[in-house]
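Dear colleague,

I am passing on the structure we spoke about, with a short account of what was found in it. Please have it open while you read.

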Amino acid sequence: MEKQIEKLMYASRWIMAPIYLGLSLVLLALGIKFFQEIFHILPNVLQMKEVDLVLVTLSLIDITLVGGLIIMVMFSGYENFVSQLDVDENDDKLGWLGKLDAGSLKNKVAASIVAISSIHLLKIFMNTENISNDKILWYLLIHITFVLSAFAMGYLDKLTRDKDK
């Protein structure tokens, strides 16, 4: 009985496979939004103010960073928790594929969130005349929380790795 329960629990990891596949649909949605923004600004680029163009560019960078984060979570999560990806040697293989454990993934996700938050905060600072000071303070506080959390997770991971050595 115990052996059957363990096999069932181990097999249940495959429930995550469609979830990781679903992330690719979110990636597709981000790609659509990315190109929607580009097609929206191209006809108006000569009439746009430089600040507006920079804000749109920061939004596109934001979308790109989120897309990279999705790829990281999708591939390394699948490899860590479901099954190893079987990629032919002839195909373009990502250098980090198979090398990110759950701890490394957690740190990379935290660093990505800080980068995304930094871009968002930069957009806020470039548009300060339209945003109240108390909202700016909240954005800054949330960003600092992300930074401190990422630092703490990295530090704890380093302590754990040093302790294991």
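Between domain 1 and domain 2 an area of about 1300 Å² is buried, and carbon and sulfur atoms give 80% of it; buried area here is the accessible area (1.4 Å probe) that two parts lose on being put together, summed over both. Please bear in mind that this is a predicted model, in which local features need pLDDT of at least 70 and side-chain atom pairs count only at pLDDT 80 or more, while totals for chains, interfaces and linings use all residues. Residues are numbered from 1 along each chain as its sequence is written, and side-chain values use heavy atoms, with hydrogens and water left out.

On the side of domain 1 that touches domain 2 there are 11 nonpolar, four polar and one charged residues, where Ala, Val, Leu, Ile, Met, Phe, Trp, Tyr, Cys and Pro count as nonpolar, Asp, Glu, Lys and Arg as charged, and the others, Gly among them, as polar. In contact (heavy atoms within 4.5 Å) are 16 residues of domain 1 and 12 residues of domain 2. Across this interface the rule finds zero salt bridges, a salt bridge being a side-chain nitrogen of Lys or Arg within 4 Å of a carboxyl oxygen of Asp or Glu.

The domains themselves, whose bounds come from an automatic or database domain assignment, are domain 1 (1–91) and domain 2 (101–164), and their C-alpha centres lie 19 Å apart. Taken along the principal axes, the C-alpha atoms of the protein fill a box of roughly 70 × 40 × 30 Å.
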